[in-house]
Amino acid sequence: MKEDDIFMNQNIPYELAALIPIANSIVKNFGENTEVVLHDLQIPEASIVYIVGDVTHRKIGGPVTNFVLEALKSGNESLDCYKTITKDGRILRSTTTFVRNQQSQIIGCMCINYDITEYLHSKVALEKLTFFPEAAIEKTQEQNEIFENDIMSIIEQMVAQTVESFGKPIEVLNKDEKMRFVQNLDAKGVFLVRGIVEHVAELLGVSKFTIYNYLDKGSK
């Protein structure tokens, strides 16, 4: 049935006919996964007076759904973003809005059905691709991986992160804290880089032999 024919059909309430351009626009905007159905609830056994899009494979003259009947009985004004599963297993996100006449009586409803099955499959695939083990999440919460073009920039940031963990400036660390500081850096692999012992010794204001002594104690 053409849009103009429906406006001329006296069996369809004007309030529903006026929604036809909106129904068409919704489907044009959201594409082939979308279906909009207009129901005349005065004839629930054959309530579908207009349908655009083909998601549920229904036709004009089809009946109202059980959800709509239950909503009418309970007095709900609308059913927003609820999940529906079709007989062939497709998953829909649906919204039903009731339509009133000038006397404020509910005479119909507009139902939007959007097939999200493909998106849910993609969601599962994306979740698999973006999954992190719990241990990796905990490590990320502690510190981020550092990407730089030279090793000293990385070392300096590792040192800064370690200093921050002590909650005080490096200049006021006592002997025990300095030893733990060095051992923490060692656990992070800082001293695998050549020349870093001297660099850390200068930062702490101690000799490189003191650094080696701290490292020796940490290995026991």
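Helix H3 (residues 20-30) lies across strand S1 (34-40), S2 and S5, running at about 165° to S1. Contact here means heavy atoms within 4.5 Å. Angles run from 0 to 180 degrees between N-to-C directions, with axes fitted to C-alpha atoms, for helices over the stretch in contact. Helices (H or I, at least four residues) and strands (E, at least two) are DSSP runs, numbered from the N terminus.

The model is predicted: local features need pLDDT of at least 70, side-chain atom pairs count only at pLDDT 80 or more, and totals for chains, interfaces and linings use all residues. Residues are numbered from 1 along each chain as its sequence is written, and side-chain values use heavy atoms, without hydrogens and water.

An open sheet has 5 strands in the order S2-S1-S5-S4-S3, with antiparallel pairing. Two strands pair if DSSP finds at least two bridges between them. S2 (48-52) and S3 are edge strands with a single partner each, so one side of each lacks a neighbour in the sheet. The twist averages 20° from one strand to the next.

S3 (residues 78-85) and S4 (residues 91-100) are joined by 6 bridges. They form a hairpin with 5 residues between them. In its turn, Gly-89 has a positive phi of about 90°. Ile-85 stands opposite Ile-91 in S4. S4 is joined to S5 (residues 106-115) by 9 bridges.

The largest nonpolar core has 23 residues. Such a core is a set of buried Ala, Val, Leu, Ile, Met, Phe, Trp, Tyr and Cys residues joined through side-chain atoms within 4.5 Å. Buried means under 20% relative accessible area (1.4 Å probe, protein chains only). Phe-181 and Ile-211 are among the members touching the most others.

Note on methods
Buried means under 20% relative accessible area, exposed over 50%, partly exposed in between (1.4 Å probe, protein chains only).
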